[in-house]
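Please keep the sequence and the structure in view while reading.

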Amino acid sequence: MLVLALDLTSREKALEIVEKTRDFVDAVKVNYPIVLSCGIEIVKELSEIKRVIADFKIADIPYTSSLIAEIAFKNGANAVISHGFVGRDVLEEIMKVAENYDGKVYVVTELTNEGAREFMGQFARKIAEIAKEVGCHGLIAPATKPERVREVREVAKNLEILSPGIGAQKGKLEEIAKYVDGIIVGRSIYNADNPKEAARKIKEEFEKAKLTS
Ligand code: C5P
């Protein structure tokens, strides 16, 4: 599964990239840059073309977190991403909202950046355990830290794992492919001279790496 991280701020450019890559992309991930620039309506618009994962990295008290999830689902998102470090009660509340929409909840175990080792990395395993216990659908685990992807796969055998960090952040497909169900790729696709070809190639490489690793 290839998820396109649409970290753009122009509606026109975003729709153009999605149109160009749609044959090779399974879902589109929206984050704050595009929603703060274009408004929440962009989620609805994109959801008419592809499944949308709302990556609001929810990290608030249960009540506020549930409002954020509600807005995402109400506007056509198929899934939301929450931080896991906020704890079980937040994930439980978001799951209640997701169930009303038949939506999915993915939980970030650790970000891809080096600084995430300072705090989040120490709790990645525990976060994966809690996400599993609460019944969340999947985890977001960093391709830049293959040892962590292996670790959370061990804990959460039946959860879907999506992994960002391939390409611009230098994660290596062959190190994580067999542990994950999908990859999340942004800049290597939307900044490419030929985004369609870039998406095709990345998807092909991922599928090949899954078979051979
Ligand atoms: O452009 P690039 O392929 O590096 O985009 C990666 C995307 O994945 C960004 O949207 C970023 O917010 C997201 N992400 C990440 N690390 C995480 C969770 C999400 O890089 N652990």
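Two strands pair if DSSP finds at least two bridges between them. Helices (H or I, at least four residues) and strands (E, at least two) are DSSP runs, numbered from the N terminus. The model is a predicted one, in which local features need pLDDT of at least 70 and side-chain atom pairs count only at pLDDT 80 or more, while totals for chains, interfaces and linings use all residues. Residue numbers start from 1 along each chain as its sequence is written.

**The barrel**

Eight strands form a closed barrel in the order 1-2-3-4-5-6-7-8, with parallel pairing. From one strand to the next, the twist averages 25 degrees; axes are lines fitted to C-alpha atoms, for helices over the stretch in contact, and angles run from 0 to 180 degrees between N-to-C directions. Helix 10 (residues 195-212) packs on the sheet and touches strand 1 (2-5) and strand 8, and its direction makes about 140 degrees with that of strand 1. Touching, or contact, means that the C-beta atoms of two residues, placed from the backbone, lie within 7 Å.

| Residue | Opposite residue |
|---|---|
| V3 | I184 in strand 8 |
| P164 | I184 in strand 8 |
| H83 | V108 in strand 5 |

Strand 4 (residues 79-83) and strand 5 (residues 104-108) pair over five bridges. Strand 6 (residues 138-140) is connected to strand 7 by three bridges.

**The core**

A residue is buried if 20 or more other C-beta atoms lie within 10 Å of its own, exposed if 12 or fewer, and partly exposed in between, with C-beta atoms placed from the backbone. Four of the five residues of strand 7 are buried. A nonpolar core is a set of buried Ala, Val, Leu, Ile, Met, Phe, Trp, Tyr and Cys residues joined through C-beta atoms within 7 Å. The largest such core has 74 residues, of which A54, V80 and L139 touch the most other members. Helix 5 (residues 88-101) gives the most to this core, namely six residues. Beyond its neighbours within four places in sequence, L139 contacts several residues, including Y106, V107, A128 and I161.

**The ligand shell**

Around the ligand there are 18 residues, the closest being A5, T112, P164, G186 and R187; a residue is near a molecule if its C-beta atom, placed from the backbone, lies within 6 Å of it. Strand 8 (182-185) and helix 9 (187-190) are the elements that give two or more residues to this shell.

G103 is found in the loop between helix 5 and strand 5. G103 counts as buried because it has 20 C-beta neighbours inside 10 Å. The C-alpha atoms of G103 and N78 are separated by 5.1 Å, although these residues are 25 apart along the chain.

D102 also has its place in the loop between helix 5 and strand 5. Is D102 buried or exposed? D102 is exposed, because 8 other C-beta atoms lie within 10 Å. Most residues other than glycine have a negative phi. D102, not a glycine, has a positive phi of about 60 degrees. K57, also not a glycine, has a positive phi of about 35 degrees and lies in strand 3 (residues 51-58).
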